[in-house]
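Here are my notes on the complex, written as I went through it with the viewer open. Have a look at the structure first, then go down the points.

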Amino acid sequence: MNEPMVVIRFDGNGRVYLPGDILSGEYRLESFTFGQIRAVEISVLWFTEGKGDEDMAVHEFQRLSADDGDWIDPSRPGRFSVVLPNSPLSYDGALLKIRWCVRVRVFPRKGKQVVGQRVFTLGMNYCSASAG
Amino acid sequence: MSRTFRIYEKKRGDRRTGSGAIAGLGEAVFFGLFFLIGCVGLVAILAALIIPQWRANNEFVETTCVVRAKTLAETRGDDGLLYRPEITIEYRVDGMPRQSTGYDICGTYSNDRDAQLAALDQFDVGGQYRCWYDPLDPEKVALVRGYSAWTWLLLIVPGSFLLIGGVGFVYRAWHWGKSAERRSATGASPIRLRPGHAEANGRSAFPAIPSPGDITNSPGTTLQFRLPTRRSDATRLVLVVGVCLCWNAVAAVLVVDVVHRFVSGKPNWLETAVVAPLALAGLGLIYASFRQLLIATGIGPTLLEISDHPLHPSGKYEVFLSQAGRLRFKSIKLSLVATEEVRYRQGTDTRTESRCVCQKSLFQRDHFEINSHEPLEARCDLELPPETMHSFKSANNSLEWSLVVDGKVAGWPDYQRAFPVVIYPGKPEEAAR
């Protein structure tokens, strides 16, 4: 039996978006069985990488909980759609990087959480060399 | 193999290699124990001190008694002998004679012998006094009543345990089983990342970009806005002088001791080796203080004004620079500078590192003089390339833009004054819409 995993796909296979664009796509919960999942969280967020401690903020968050009566069917892909904000834009700096991603976190009834994440670029992926 | 046994190991900041669940449970147990200790302490103080005092004040029955004997009782405490008055009295309960010994209801001892003797001297053997007995247990008597202030002060100890333990436990319990995303989304996270100006609905139109409010609240005389400095020379001077005084006060005591040993013919070379670098650092701080004093008092104010703010990529702006004073400049330079600043924890230390990632020269003039009547006044253009990254600020990371004036003055220390600006993403016309 395969390891449970989350596959995320963006519509149009796009990876670069501008502020105000609609980011949409779907996620598939693979190798999960019906009733095995307690909750699924879908987040569109940014986080920092680099030398500093990680900061993150969620732009859009949705939680589906089987215990609260939400229908979670792993055989059918879930969809997401969100209008992207004005900032912060993706950035590749010397000490600091800003990344955007869609993250899907699955809480099975038994066992460890399964997390799938797909990074995208908001803006033109600025880097420190082009900071000015 | 070592990975198997790595239960809770801290790497850097909040990143951990061990089990988050076990770490959370450990913290919950830790704070729970704190709370429990606070509860036990509170109950003990209530039972031993506060409730007996309240009962003596409100429920005890008043009567008269005759003092039959008195003595100053002693007991040995951690810090030596402790004392309290012990007075044997006779009194009547429902017509029946009784004899008991006591003074205050708590029976607390004190190390202040004179005060306890003075309290004892207020009662004479054979004299008649008011007393109060417990109707539930008439053997319990009090010759004085009231509340002592230190009893209430004592509540600070269990109160602190209750507060720290309670808040920590509730915080941990609230976060139990919640993902970082959920905590961030519901605002229950310690990560506070919305420093931008908030809209009415609570979400910023430009998240993670600092508000330009502090920069645009000062109108200019030549251009629209006068920019504030990041830290004024006076503030820097106060800081440097403060550190210098504290450091040198400690260093002076040590140096005096070292010198004293040398003078008395018993030099301590190890102490000398330790104190010498401290004293040198103190001299360095004195030099830095004088240098800062010269910059703050000798070099006149630098004013910078800008035609518009906040800035946007592809935007064109005018900058006005004014430098006052009576100085002979080797050079003065105005640049647009981007600095990344990050903060990270290593163990119990929090460190900050910054790096200049972009510097664009806007104006430079070499070898000239200014006097008090004719300050340097210069205008220059600032055009931001379309690929300029916007300002960014989160809890531990930031990208800050500033206009920086670097001055080299003959006979004076070099100086640098920075004026932060905020760059927003998008073109100016988009922002206007």
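This is a predicted model: local features need pLDDT of at least 70, side-chain atom pairs count only at pLDDT 80 or more; totals for chains, interfaces and linings use all residues.

In which loop of chain A is Ser31(A) found?

1. Ser31(A) is found in the loop between β3 (22-30) and β4 of chain A. Its backbone is worth a click: phi is positive, about 65°, although the residue is not a glycine.

2. Now the overall make-up of chain A. Taken along the principal axes, the C-alpha atoms of chain A fill a box of roughly 55 × 30 × 30 Å.

3. In chain A, the bond from Ser87(A) to Pro88(A) is cis, with omega near -5°. Pro88(A) sits in the loop between β6 (78-83) and β7 (91-92) of chain A. In chain B, the bond from His309(B) to Pro310(B) is cis too, with omega near 0°; Pro310(B) belongs to the loop between β9 (302-306) and β10 (316-323) of chain B.

4. On to aromatics. Searching the whole structure turns up 18 aromatic pairs over all chains. Take Phe10(A) and Phe120(A): their ring centres are 5.8 Å apart and the planes stand at 90°, so this pair is edge-to-face. Phe10(A) lies in strand β1 (residues 5-10) of chain A and Phe120(A) in strand β9 (residues 114-122) of chain A, so the pair ties together parts that are 110 residues apart in sequence.

5. How much area is buried between chain A and chain B? About 3,500 Å², with carbon and sulfur atoms giving 57% of that. Lys51(A), Asp53(A) and Leu95(A) supply 19% of the area that chain A buries against chain B, more than any other three residues. As for who takes part, the contact draws 38 residues from chain A and 44 residues from chain B.

6. Polar links across the two chains come next. The count is 4 salt bridges between chain A and chain B. Lys51(A) forms a salt bridge with Glu353(B), and the closest N and O atoms are 2.7 Å apart. There are also 20 residue pairs in polar contact between chain A and chain B, counting those with both residues at pLDDT 80 or more.

7. Which elements give two or more residues to the side of chain A that touches chain B? They are β4 (37-50), β5 (56-65) and β8 (96-108) of chain A. β5(A) gives the most, with 7 residues. By type, the residues on this side of chain A divide into 17 nonpolar, 12 polar and 9 charged.

8. Last, the layout of chain B. The domain assignment gives domain 1 (61-144), domain 2 (230-297) and domain 3 (302-432). Between domain 1 of chain B and domain 3 of chain B, the C-alpha centres lie 77 Å apart.

Definitions and conventions. Residues are numbered from 1 along each chain as its sequence is written. Chains are lettered from A and ligands numbered from 1 in the order in which they are written. Side-chain values use heavy atoms; hydrogens and water are left out. Contact means heavy atoms within 4.5 Å. Buried area is the accessible area (1.4 Å probe) that two parts lose on being put together, summed over both. A salt bridge is a side-chain nitrogen of Lys or Arg within 4 Å of a carboxyl oxygen of Asp or Glu. A polar contact is a pair of N or O atoms within 3.5 Å; within protein, one must be able to donate a hydrogen and the other to accept it, and residues adjacent in sequence count only if both atoms are side-chain atoms. Helices (H or I, at least four residues) and strands (E, at least two) are DSSP runs, numbered from the N terminus. Ala, Val, Leu, Ile, Met, Phe, Trp, Tyr, Cys and Pro count as nonpolar, Asp, Glu, Lys and Arg as charged, and the others, Gly among them, as polar. Domain bounds come from an automatic or database domain assignment. Rings of Phe, Tyr and Trp (its six-membered ring) pair if their centres lie within 6.5 Å; planes under 30 degrees apart count as stacked, over 60 as edge-to-face and the rest as tilted.
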